[in-house]
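This report describes a single protein chain, first one local site and then the chain as a whole. The structure is shown below.

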Amino acid sequence: MAVAKESEALSVHEAVMVASAHVDAIPTLAVIGEVSGFRGPNARSGHCYFQLKDDQSAMDAIVWRGTYQKCGFRLKDGMKVLMTGHFNIYAASGRLSFVAKSVSLAGEGLLRQQVAELARKLEAEGLMAQERKRPIPRFCSRVCVVTSLSGSVIDDVKRTLARRNPLVVIQEAGCTVQGPGAPQSIIRALRVAAEARPDAILLVRGGGSFEDLMTFNDESLARAVAACPVPVVTGIGHEPDTSICDMVADRRCSTPTAAAESVAPALDEIVNQINDRKVRLERTMQNLVASEEATVAQLGESSRRAMATYLQAKRAYVESLASRRCLSDPMAPFEVRAGELNLTEERLNAAMPRVVSRARESLEKDARALGAAGRRLLSPFEAQLRASAGSLDALSPLRVLARGYAIARDAEGHVVSDASRLSVGEDVTVLLGSGSFGATVSSVSADPGNDKAQTSS
């Protein structure tokens, strides 16, 4: 073997670049493998680092933050994934890594992702809500088992029910629990079981792989279980197995045997519970009777004391009535009343003169007061009246007549102040200072210097 000359040797960086150039020529690959040694996402960068391996080989893999956020699930060790990407050599270390452009679940992982998506969908619709689920009767007298009649599960269920409570009547509805067409077969069996109207339906199956139990993750079967008119109890697979049918059922048990035990309490346990409740009921009844007896006795004593007090009060009332004078001497009230009337009469007769005298004195006093008040009120008006009378008397025509003058009036009573108004022969009345007389006009003169009209009486 020829030894290379030092002048022909490549530096490490040059060698890595040569390898990188050849690696870059490799086209985009799709690789299936199992996640191992998962680290990420990195707290600072958000990138994920792990190994992708199978039974024979392993390679480093990198999932950048953006790619990881788009995949829609969390990577973890043991998960089988399908990665599309290309190889890359990190120049600083010369390490070969597979850089993923896309990541999706493969095999069982993909199935689990699909199951999880269906579970979220049904949960959002309320099919898994606890308040929707119906209570299972505590003591089921008749149950219907929906399962494969060719396996050992049906025998285990029968033995469990017969051992715990042989009084439980068992009905069977056979179906296929695995493989193509199994969901539709179970749906038909559920319909047949529901038509029999048992207390509960046991939907059971033995253990198996995740793929074997995928029948019970079917959406149409899950909806049929939720819509079943009879409460459904599931016992599918083993303890860690949980299917969609378990989630929507009215009760989920870990195994078929546990499902059978949950609907059929042991007969000896029932007997013990009945005896225990009998003892507790007897004690409760005795305590209740004793309490009621004490209450009745207390009420009786209270009633006796209340009645004695009541009778004593009534007796005292009757005795007080009997001691009244109106009962012992019926005429006494009238005599007392007559005496009071006589006394009142005497007082009235004695008081009447005094009342009349006081009234007379009061009236005389009031009369004097009214007289004095009247005089005081009239005094100013009397002086005014005298002055007015003096003025009126001074102006009165009667004073003129008293000095020898006369007043003539015509037939109509009008004062005659002008002789020309009279006619000869006209009757007039002449008023004097004292008395009057009638006259007839004999002549008329209109000259005031001549004699006045001559009249004849």
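A polar contact is a pair of N or O atoms within 3.5 Å; within protein, one must be able to donate a hydrogen and the other to accept it, and residues adjacent in sequence count only if both atoms are side-chain atoms. The model is predicted, so local features need pLDDT of at least 70 and side-chain atom pairs count only at pLDDT 80 or more, while totals for chains, interfaces and linings use all residues. Residues are numbered from 1 along each chain as its sequence is written, and side-chain values use heavy atoms, with hydrogens and water left out.

**The site at D410**

D410 lies in the loop between β11 (407–409) and β12 (427–431); strands (E, at least two residues) and helices (H or I, at least four) are DSSP runs, numbered from the N terminus.

| Side chain | Backbone nitrogen | Distance |
|---|---|---|
| D410 | E412 | 3.1 Å |
| D410 | H414 | 2.7 Å |

H414 is found in the loop between β11 and β12 as well. Are these two residues buried or exposed? D410 has a relative accessible area of 13% and is therefore buried, whereas H414, at 40%, is partly exposed. Buried means under 20% relative accessible area, exposed over 50%, and partly exposed in between (1.4 Å probe, protein chains only).

Contact means heavy atoms within 4.5 Å. Neighbours within four places in sequence aside, D410 is in contact with V416, R421, E426, D427 and V428. With residues up to four places away again not counted, H414 touches A408, R409 and R421. H414 and V428 are 14 residues apart in sequence, and their C-alpha atoms are 9.7 Å apart in space.

**The chain as a whole**

The chain has 12 helices and 14 strands. Along the principal axes, the C-alpha atoms fill a box of roughly 210 × 105 × 50 Å.

Of the 457 residues, 28% are buried. Among contacts between residues at least 6 apart in sequence, 57% join residues at least 24 apart.
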